[in-house]
Amino acid sequence: MDKLTGLIGVVLIGGVAALGWQVFGAQDAPQGHSMVPPDTSNIAEGAPIAEVSLPDELSASAKLGKTMFEAACAKCHGDNAAGQNGIAPPLVHKIYEPNHHGDMAFLMAAKNGVQSHHWNFGNMPKIDGVTDGDVKMIVAYVRELQRANGIN
């Protein structure tokens, strides 16, 4: 058997294995969270959705991010990213854990807006005047809040 035939065989076997996992094994894989929007019916309109514990200390990047978050995001996402019922979701929530919504998801949401897909608050508009660097600092702040609340 020549090297090309061997390579083609390995690629085919790998493809069949991946397809089999997608078709037969993916249903049994643990899910990080439900895609059903969380029930917020017992929370007053405009009230925080999440209870957020603050970290003892923030890194320098997170401190800058907190200031930027308060200027660009808190109007909708609430103080300390706890969300506001009927307005915008909490970012300190399992739905936004790093393995589901990576840092790039936050950047793309700020740059382009995002279609509502986990909550029933409507679409998020793009945020004018926020740079990629600003979002990087905001994400540092949100991630430190998440870690302080057991979201890794």
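## The largest pocket

In this predicted model, the largest pocket has a volume of about 660 Å³, where a pocket is, on a 1 Å grid over the protein atoms alone, an open set of points where a 1.4 Å probe fits, with protein on both sides within 12 Å along at least five of seven lines. The volume is the space filled by probe spheres set on the points, which are joined across faces, edges and corners.

Its lining, meaning residues with an atom within 4 Å of a point, consists of 31 residues, and His 77, Leu 91, Ala 109, Val 114 and Met 124 lie nearest the centre. Helix H4 gives the most to this lining, with 4 residues, while H2, H3, H4 and H5 each supply at least two; helices here are DSSP runs (H or I, at least four residues) numbered from the N terminus.

## Two positive phi angles

Most residues other than glycine have a negative phi. In the loop between H3 and H4 lies Asn 80, whose phi is near 55°, and Ala 81, placed in the loop between H3 and H4, has a positive phi of about 60°. Asn 80 is partly exposed, at 23% relative accessible area, whereas Ala 81 is buried, at 0%; buried means under 20%, exposed over 50% and partly exposed in between, with a 1.4 Å probe and protein chains only.

## Salt bridges

The model has 5 salt bridges, each being a side-chain nitrogen of Lys or Arg within 4 Å of a carboxyl oxygen of Asp or Glu. One of them joins Lys 111 and Asp 132, with the closest N and O atoms 3.7 Å apart; because Lys 111 lies in H4 and Asp 132 in H5, the pair ties together parts that are 21 residues apart in sequence.

Another pairs Lys 94 with Glu 97 at 3.1 Å, where Lys 94 is partly exposed at 42% and Glu 97 is buried at 7%.

Residues are numbered from 1 along each chain as its sequence is written, and side-chain values use heavy atoms, leaving out hydrogens and water. Because the model is predicted, local features need pLDDT of at least 70 and side-chain atom pairs count only at pLDDT 80 or more, while totals for chains, interfaces and linings use all residues.
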